[in-house]
Amino acid sequence: MKLLDSIHSPEDLRKLPEEKLIALSGELREFIIDIVSAKEGHLGASLGVVELTIALHYIFNTPHDRLIWDVGHQAYGHKILTGRRTRFNTNRQFGGISGFPKREESEYDAFGTGHSSTSISAMIGMALAARLKGDNEREHIAVIGDASIASGMAFEGLNHGGVLDANLLIILNDNAIGIDPSVGALKRYLTNVKKGTAKEENIFECLNFNYSGPVDGHDLPAVMEALRRMKQIKGPRLLHLITTKGKGLKQAEENQIVYHAPGRFDRKTGELTPSPSSDQPPKYQDVFGLTLVELAEINDRIVGITPAMPTGSSLKYMMEAFPNRAFDVGIAEQHAVTMSAGMAAEGLIPFCAIYSTFLQRAYDQVIHDVALQDLPVIFCIDRAGLVGQDGATHHGAYDLAYLRCIPNMIIFTPMNETELRNMLFTVQQGVDHPVAIRYPRGRGVISGWRTPFETIPVASSRELVKGTSIALLSLGHIGNQATKAIRALGNPKEIGHYDMRFAKPLDEIRLHEVFSRYDLIVTLEDGSISGGFGSAVLEFANSNGYRQKVTCLGIPDRFIEQGTIEELQDDAGISEEAITRCLIQLLHEVR
Ligand SMILES: Cc1ncc(C[n+]2csc(CCOP(=O)(O)OP(=O)(O)O)c2C)c(N)n1
Ligand SMILES: CC(=O)[C@@H](O)[C@H](O)COP(=O)(O)O
Ligand SMILES: [Mg+2]
């Protein structure tokens, strides 16, 4: 029997003789590779903290001692050792366990994560709570990566934590990479610490943390010894571990960007499983990234900004082509937005590429620094809508609602690659307002997308099909599901379909036509119904005295968990089947 099979909780782990832990780390690594190779997920980060995970649960009294995993994509080993080994094959699947720590899933998941750099603040909150309850012994541990600790929120926590008389233990897991290589002055400083060439003063000691390290994070006895030493000390402490992302799988160590979340791969050779067909439409992110390079060639005022997602957003193409005009600022969404505002104030045309879910962190900057000054920052909002297996922390469900209420914003969402390309072309000609262009994770619908540029007038929509009594108004890529649903019903003459393109400003001329012609209206979007595009249409109808029934299809008022995008769209009621069901019902009403 394997050692791993005997561990159902950290209680079992703590009963193992210490000399067996190295063998256990080998088994844990193999188990993670086994499951992730078949079921997909985040690989490199979890492989890099196998020794640390075992040591933490062995030495500390979890779950009483609080353990928080920043971002949480490295917590697979933690999940497996804390009673979820037999369910780990459902990781990130619909109805299965989450790919991130989640309080409702286990008492060992002290705090839910997914977005980065929250662990230090959450840990401080828990430590202060313990102190107020008269417990000065409990330990509070935040495991945070080198890219995440460079974020503003982590610095806020360091600044506060350093003056507290509370049990705070930060484990800095330094592998010198985020998803893409880490950037910035802190990265440079940490590199110098590792080389032993850092200045005398240690940055963390200056902030009043008791610093220890750097320690080889794959030398299990050394990690155990360091943790035991830290346990003897009270107050704010930081242990600096050096690890290798992807440790234990050659390809993952050698190609850390790809093996961050590699998709399926051969468990034995490590080779990636090829995708079924090369003749697929392009990913929206690539249409954005490659089109931006074309536009930057003809317009030297264009600059590109990404907060730590050059590969995921495909801004990497512009970074390669124009290294002086494209910037990875690290995990710093707030800085990315305000820096873009500064650039726009100076007459540049900043394309700020940012995932919908991560833009949430820079909401005040969007309002206060961009919109209030009506600065023409172009937000290229990727991963809008349901994103799939990353689940509730990562869905881009709210951008339509949270942007629509901001004065001066123009919100465009393309139904296909050509519309995305043409809108990127349009805005660089000069729109004079902030613009949000939102598009989903995944592929578009057409292969020959590199068509000649055309301008898209602001607030213009497209009539796709004229009908007699039911108008379906769709926004963005999800409109393709509506096209399929209408086709599946045999293109009934009653149903008209419109690609509305703009959530703000609305194409009011079109809406007057639609409300004058049709008896029933359906709106369709891949964002929250509350406050989104459907709400905008209802506001229009209300303020113009139209009385038709308006059915709003979109993401309902609950958090959608993880699964394939198809499963989740069905769950939310916006899949092709769900749209078909809705249209059948409405056809009964009008026939
Ligand atoms: C606020 C926020 N921005 C961006 C991301 C996307 N993201 C997930 S992991 C990651 C890199 C994290 O790097 P690091 O902290 O060094 O951890 P490692 O993966 O190396 O363990 C990024 C940018 C995120 N999760 N949250
Ligand atoms: C953990 C995290 O936040 C990222 O790794 C995220 O999962 C990336 O998402 P994409 O795969 O859509 O780029
Ligand atoms: Mg890292």
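**View 1. Burial of Asp 146 in the predicted model**. Asp 146 counts as buried because 22 C-beta neighbours lie inside 10 Å, the threshold for this class being 20 or more. Asp 146 is located in the loop that runs between strand 2 (140–145) and helix 7 (152–161). When neighbours within four places in sequence are set aside, the contacts of Asp 146 are Leu 172, Asp 174, Asn 175, Ala 176, Ser 182, Lys 187 and Leu 190.

**View 2. Surroundings of Asn 175**. The loop between strand 3 (168–174) and helix 8 (185–195) holds Asn 175. Asn 175 has 23 C-beta neighbours inside 10 Å and therefore counts as buried. Apart from residues up to four places away in sequence, Asn 175 touches Gly 48, Asp 146, Thr 243, Thr 244 and Lys 245.

**View 3. The annotated pair Asp 146 and Asn 175**. In the unreviewed UniProt entry, the annotation "binding site" covers Asp 146 and Asn 175. These positions are spread over 30 residues of sequence but cluster in space, with a largest C-alpha distance of 6.8 Å. Asn 175 is among the contacts of Asp 146.

**View 4. The shell around ligand 2**. Ligand 2 is surrounded by His 42, Val 71, His 73, Ile 179, Ala 261, Gly 312, Arg 383, Val 387, Asp 390 and Arg 441. By residue class, the shell comprises four nonpolar, three polar and three charged residues. Domain 1 (4–260) and domain 2 (284–438) each contribute at least three residues to the shell around ligand 2.

Terms used:
Residues numbered from 1 in each chain as written. Chains lettered and ligands numbered in written order. Predicted model: local features only at pLDDT ≥ 70, side-chain atom pairs only at ≥ 80, totals over all residues. Near = placed C-beta within 6 Å. Nonpolar A, V, L, I, M, F, W, Y, C, P; charged D, E, K, R; others polar. Domains from an automatic or database assignment. UniProt positions renumbered as here; feature names shortened; annotations may be inferred. Helix = DSSP H or I, 4+ residues; strand = E, 2+ residues; numbered from the N terminus. Buried ≥ 20, exposed ≤ 12 C-beta atoms within 10 Å, placed from the backbone. Contact = placed C-beta atoms within 7 Å.
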